[in-house]
Amino acid sequence: MTASNVITQSNWKFHWRLTESAGIMVYLADFKGRRVLWEGSLPYVTVDHQRQTLDVDADAPEVHGPWWLPLGTRTLQGPVRVQTFRGGVELSAAFAAGPYQYTQLWRFHDDGRMCPWLTIYGPGVHDGHTYHPHFRFDFDLDGADNDAFEFFEDGRWQRVSQEGWFPYSGEADTEGNVWRQIDFGSRASINLRPHSWDDAEVFAVRYHDGEWAPFSPRSAAGSQPFPAAYVGQEELEGEDLSLWYVAHVHFDQSFPYTAGPWVRVDGFR
Amino acid sequence: MPAKTVAAKAKLPKGKAKPTPKRTNGKVQAKRGAPADVALADPALFDPLTPGETADALRTLIEDKRMSSMAKVGRYRVICTEPLVVKPPHSLAGHRLARVVAYDYSSDRAVDATIDLDAGIVVHLELSKGQPMLSREEEAIAMSIAVSDDHVRTKLQMGDGPQTVLHYWGRTPSDIAYARRSAAVVFGREAGHATLVAVVDLIDQQVTQVVPAEMW
């Protein structure tokens, strides 16, 4: 099934479609009539394994690399669902392949919150594996350019001048936000609050047309995987940005687990 | 949910990514013109390609002279064909674009192309050693190779069958899947736990590893 739709509800107007490999993509999303998001998706979920042994080599580097399968048309189970809830509207879709099962969610709240989430369940191949969902956001807050990226560190928001990798250290502002994108013109902001168990990190890179989608987390052998491979030394301040939120979810027979950030739009008066 | 080793954490210093030469990864080189107004973007440009648009994009790519060697040998797989939308003020903003990703087995390389369906031309072409996801055909081939492999068959338990196929790559150069296009076929009982993993080298079309699932 491949479909394209527009939803206008709960102060939001957004479009969505099912992709081949990046789950449900939401695009051209507006909150209270103002542009927030050009495009957001879940380009891939990789899975790493930690073999379950108690031998002396247990601390040795992992033998096997990661693997992944696309969340999209070929793994979709049933239809993409659109449902209202008290104070908002949500999209959900289930994906499955063998021992891996996922439910992708996009929830939109009427107070400006947006939840791009992924629920992970299923047994996997054994109990020792880590899931790495990669969410990609191209926020166009009140226009594409004239944005900045900030990271909460050392007790305050720090402006970031250059592309880079920004892991969650446990430090956050009073509302739990760790990263934010600010529009200089309107002073509106997009705030990202990680799930405290996501072991999350954000890659902030300059936007380039067509950089979505790599159709794989893997670039060439021996090279950095995506999105790290996108990170160079380009300036961020005053530019159009793309943010990648990557979670690291450790399977300990405790599934289902829902990864992904809370995203909140602030400053729209 | 106690934390375990997370290899990904070690890859970059905090806040300062290791400088990496940026590949274009399919991004269309910017040609700036009119001022940007993303709020006026046409949502229809994001719509899935029609079967005709997909066929048009593939024909245009294959007829491009730069792809003549790939087309002539004919040993390639189309991985994905999806709409691509670029923002204003790019000169291609507002155009109906298709992004075609293929894997050329004859040269062991990835093909990432952008087709302007309005103009009927290839507007961007990148050939690289990247590894795009598996095509549906590659998944089927990997499954077929694994199922018919004698070594795999001797390891299967009663009721085991292929559960899924994943795009796999080795972590170290000693793993043959480090540099060669590979798939992992997971076996197990229907709706049951995985029992066996077979790694298939898609270039030579042979099984290169057979590992009990609990040892993966």
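**Loops, turns and strands**

Author: Asp110(A) is found in the loop between β8 (100-109) and β9 (113-121) of chain A. Strands here are DSSP runs of E, at least two residues long, numbered from the N terminus. This is a predicted model: local features need pLDDT of at least 70, side-chain atom pairs count only at pLDDT 80 or more, and totals for chains, interfaces and linings use all residues. Residues are numbered from 1 along each chain as its sequence is written, chains are lettered from A and ligands numbered from 1 in the order in which they are written, and side-chain values use heavy atoms, with hydrogens and water left out.

Stay with Asp110(A). Its relative accessible area is 37%, so Asp110(A) is partly exposed. That term covers the range between buried (under 20% relative accessible area) and exposed (over 50%), with a 1.4 Å probe and protein chains only. Now look along the chain. Gly88(A) lies 22 residues from Asp110(A), yet their C-alpha atoms are separated by 5.5 Å. Contact means heavy atoms within 4.5 Å. Setting aside neighbours within four places in sequence, Asp110(A) is in contact with Ser10(A), Asn11(A), Phe31(A) and Gly87(A).

Next, another loop of chain A. Asp142(A) sits between β10 (129-139) and β11. Asp142(A) is not a glycine, but its phi is positive, about 55°. Asp142(A) is partly exposed, at 29% relative accessible area.

Then comes β11(A) itself. Asp147(A) belongs to this strand, which covers residues 147-153. Asp147(A) is buried and has no salt bridge; Lys87(B), the nearest side chain of opposite charge, is 7.6 Å away. A salt bridge needs a side-chain nitrogen of Lys or Arg within 4 Å of a carboxyl oxygen of Asp or Glu. For charge, Lys and Arg count as positive, Asp and Glu as negative, while His and the chain ends are not counted. Beyond four places in sequence, the contacts of Asp147(A) include Phe139(A), Leu141(A), Phe184(A) and Leu236(A).

Follow the strand to its partner. β11(A) pairs with β12(A), residues 156-160, in the antiparallel sense over five bridges. Two strands pair if DSSP finds at least two bridges between them. Glu153(A) has Arg156(A) in β12(A) as its bridge partner. Two residues lie between the strands of this hairpin, and Asp154(A) takes a positive phi near 55°.

One more loop in chain A has a cis bond. The peptide bond from Phe226(A) to Pro227(A) is cis, with omega near 5°. Pro227(A) is placed in the loop between β16 (201-206) and β17 (241-246).

Turn to chain B. Pro88(B) and Pro89(B) are also joined by a cis peptide bond, with omega about 20°. The loop between β1 (76-84) and β2 (97-104) of chain B holds Pro89(B). Those strands belong to an open, antiparallel sheet of four, in the order β1-β2-β3-β4 (chain B). β1 and β4 (121-128) of chain B stand at the edges with a single partner strand each, so one side of each has no neighbour in the sheet. Inside the sheet, β2(B) and β3(B), residues 109-116, run antiparallel and are joined by eight bridges. Leu97(B) stands opposite Asp116(B) in β3(B).

Last stop: Gln205(B). This residue lies in the loop between β7 (194-201) and β8 (206-212) of chain B. Gln205(B) has a positive phi of about 55° without being a glycine. Its relative accessible area is 43%, so Gln205(B) is partly exposed.
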